[in-house]
Amino acid sequence: MSGKNAYQTFVDYLLSNSQNMTPQRATIVGAFLETEGHFSSEDLYHKVRKTEPGIGQATVYRTLKLLVRSGLADCFDMGEGVTLYEHAYDHPHHDHLICTRCGRKEEIVDETIERRQVELAERSGFTLSRHRMFLYGLCPACRRKGIKD
């Protein structure tokens, strides 16, 4: 993304889509950029409300959708109506291990799996532009507690 910072990339995205950077969007984008890891729109909404109580949950949600479209955020559906967001801009690709019991999420990278995915796509005539992989199971802490999947 040509060395621009994330904030300017978002402003450019808005302008190229005939939209403006409003004060509410600026606050939400600032909070988003300060938040690492995986978080829900509700998590971000509560963070934003601490500094700007007048910003509504719908505004946070709509801005998150714009952040995803701009390439700054990525989102994934955890099921049961829960969508989580994370930074995509200037963050290396990774996959996820997710505990089905406690919800723990761990980011993983495996070069063998990455190569194999490209090979599988090419074998079917595809050229990959992006992908996501989620592996579900029990984390070590849940297994130690004797929890069964």
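So, burial: of the 149 residues in this chain, 30% are buried. Keep in mind that this is a predicted model. Taken along the principal axes, the C-alpha atoms fill a box of roughly 45 × 45 × 25 Å. And if you take the contacts with a separation of 6 or more, 50% of them are between residues 24 or more positions apart.

Okay, secondary structure. We've got six helices and six strands. Reading from the N terminus, the order goes α-α-β-α-α-β-β-β-β-α-β-α.

Now the core. Which residues have the most contacts inside the largest nonpolar core? That core has 21 residues, and the ones with the most contacts inside it are Phe10, Phe32, Leu44, Val60, Leu64, Leu67 and Leu72. As for the elements, those giving two or more residues to this core are H1, which is 6–16, H2 at 23–34, H3 at 41–51 and H4 at 57–70.

Skip its neighbours within four places in sequence, and Phe10 still touches Met21, Val29, Thr63, Leu66, Leu67, Ser70 and Leu72.

That takes us to the helix pairs. For two packed helices, you want the angle between the axes and the distance between them.

Start with H1 and H4. Their axes are 10 Å apart, and the packing angle is about 95°, so H1 is roughly perpendicular to H4. Who makes the contact? From H1 you have Phe10, Tyr13 and Leu14, and from H4 there's Thr63, Leu66, Leu67, Arg69 and Ser70. By residue type, this contact of H1 with H4 splits into five nonpolar, two polar and one charged. Phe10 turns up here again, on the H1 side, and you'll remember Phe10 from the list of residues with the most contacts inside the core.

Next pair, H2 and H3. Here the axes come within 10 Å and cross at roughly 120°. With that angle, H2 is oblique to H3. As for the hand, H2 passes H3 in a right-handed crossing. On the H2 side, the contact uses Thr27, Ile28, Ala31, Phe32 and Glu34, while H3 brings Leu44, Lys47, Val48 and Thr51. The breakdown for H2 with H3 is five nonpolar, two polar and two charged. Phe32 and Leu44 are in this contact, and both were on that core list too.

Then go over to Phe32 on H2 and Leu44 on H3. That's what I had, happy to take questions.

Technical notes:
Residues are numbered from 1 along each chain as its sequence is written. This is a predicted model: local features need pLDDT of at least 70, side-chain atom pairs count only at pLDDT 80 or more; totals for chains, interfaces and linings use all residues. Side-chain values use heavy atoms; hydrogens and water are left out. A nonpolar core is a set of buried Ala, Val, Leu, Ile, Met, Phe, Trp, Tyr and Cys residues joined through side-chain atoms within 4.5 Å. Buried means under 20% relative accessible area, exposed over 50%, partly exposed in between (1.4 Å probe, protein chains only). Helices (H or I, at least four residues) and strands (E, at least two) are DSSP runs, numbered from the N terminus. Contact means heavy atoms within 4.5 Å. Axes are lines fitted to C-alpha atoms, for helices over the stretch in contact, and angles run from 0 to 180 degrees between N-to-C directions. Angles under 35 degrees count as roughly parallel, over 145 as roughly antiparallel, 65 to 115 as roughly perpendicular and the rest as oblique. A crossing is left-handed if the near helix is turned anticlockwise from the far one by less than a right angle, and right-handed if clockwise. Ala, Val, Leu, Ile, Met, Phe, Trp, Tyr, Cys and Pro count as nonpolar, Asp, Glu, Lys and Arg as charged, and the others, Gly among them, as polar.
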